[in-house]
Amino acid sequence: MFERFTKDAREVVRGAVALCQDAGGGTVGPEHLLLALLDREASRGSFALAALGLPAEGREPVRAALDEARRRAGLSRADADALADLGIDVSEIVSRVEEVHGAGAMSGDRRDTGRRIRRPGFGREAKGVLEESLRIALAHRDRHIGDEHLLLALTARPGPPAEVLADHGVTHTSLTRVLYAGGEARAG
């Protein structure tokens, strides 16, 4: 599948691995893919984000919202709301865990463990995003998988990345409209 990835898409994947490794994580998640996408400039995905009102210089709120979701162990607001309906206050749990174990203890990052971490692998959710990007590219009859397909896949799958992007006006529908205006597929 990676032979179909454009240079930009490969850079996103490499960036996600590096971000995960820098954070001390052992598993690349969808949030790492989104953070790596946000770092891209002059790519089809970055142009689509800018067209939807999220220019490169205005992406810090997205990063902050992703960080907050990581603090909640990757639970989306919908997950937290569902737990609240059961009487479970996720914010209170996060606060208590961080009191005992330090800030970001539930994020899954393993900072300062003293062990050298091997190259992180891709988690089930990140693999799902990569597979979805292939399905999206094929559905649009694109020959290659670009960073725009990764972005579309992130918005198509439920979870914190899609939720955070939607909060900033970037949905699967709006991205599809910007990327495939007039229903024309790119020859790739």
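Reader: In what order do the elements of the chain run from the N terminus on?

Author: Helices (H or I, at least four residues) and strands (E, at least two) are DSSP runs, numbered from the N terminus. Here the order is α-β-α-α-α-α-α-β-α-α-α-α, with 10 helices and two strands in the chain. The model is predicted: local features need pLDDT of at least 70, side-chain atom pairs count only at pLDDT 80 or more, and totals for chains, interfaces and linings use all residues. Residues are numbered from 1 along each chain as its sequence is written, and side-chain values use heavy atoms, with hydrogens and water left out.

Reader: What percentage of the residues in the chain is buried?

Author: Buried means under 20% relative accessible area, exposed over 50%, and partly exposed in between (1.4 Å probe, protein chains only). Of the 188 residues in the chain, 41% are buried.

Reader: How many residues of helix H2 are buried?

Author: In helix H2 (residues 30-38), nine of nine residues are buried. Among them are Pro-30, Glu-31 and His-32, as well as Leu-33 and Leu-34.

Reader: Which residues touch the most other members of the largest nonpolar core?

Author: A nonpolar core is a set of buried Ala, Val, Leu, Ile, Met, Phe, Trp, Tyr and Cys residues joined through side-chain atoms within 4.5 Å. The largest one has 37 residues, and Leu-33, Leu-34 and Leu-175 touch the most other members. Two or more residues of this core come from each of H1, H2, H3, helix H4 (60-71), helix H7 (124-139), H8, helix H9 (160-167) and H10.

Reader: With which residues is Leu-33 in contact, leaving aside its neighbours within four places in sequence?

Author: Contact means heavy atoms within 4.5 Å. Under that condition, Leu-33 is in contact with Val-12, Val-13, Ala-16, Phe-122, Ala-126, Val-129, Leu-130 and Leu-154. For the chain, residues 24 or more positions apart account for 70% of the contacts with a separation of 6 or more.

Reader: Where around the axis of H10 do its buried residues lie?

Author: In helix H10 (residues 172-179), the buried residues are Ser-174, Leu-175 and Leu-179. They lie on the same side of H10, because they cover an arc of only 125° around the axis. The arc is that of the directions from the helix axis to the C-beta atoms. Thr-173 and Arg-177 are exposed on the other side of H10. The cover over the buried residues includes helix H3 (44-51) and helix H8 (147-156).

Reader: Which residues make the nonpolar surface patch?

Author: Patches are made of residues with over 30% relative accessible area and no salt bridge: like charges are joined within 9 Å, nonpolar side chains (Val, Leu, Ile, Met, Phe, Trp, Tyr) within 5 Å. A salt bridge is a side-chain nitrogen of Lys or Arg within 4 Å of a carboxyl oxygen of Asp or Glu. Leu-86, Ile-88 and Ile-93 make a patch of about 280 Å². Ile-88 lies in the loop between helix H5 (77-85) and helix H6 (90-101), and Ile-88 counts as partly exposed because its relative accessibility is 34%.

Reader: Which residue other than glycine has a positive phi near 55°?

Author: That residue is Ala-42, placed in the loop between H2 and H3. Ala-42 counts as exposed, at 61% relative accessibility. Arg-141, also not a glycine, has a positive phi of about 60°. Arg-141 lies in the loop between H7 and H8 and counts as exposed, at 74% relative accessibility.

Technical notes: Areas by Shrake-Rupley, 256 points an atom, 1.4 Å probe, with all protein chains shown as cover.
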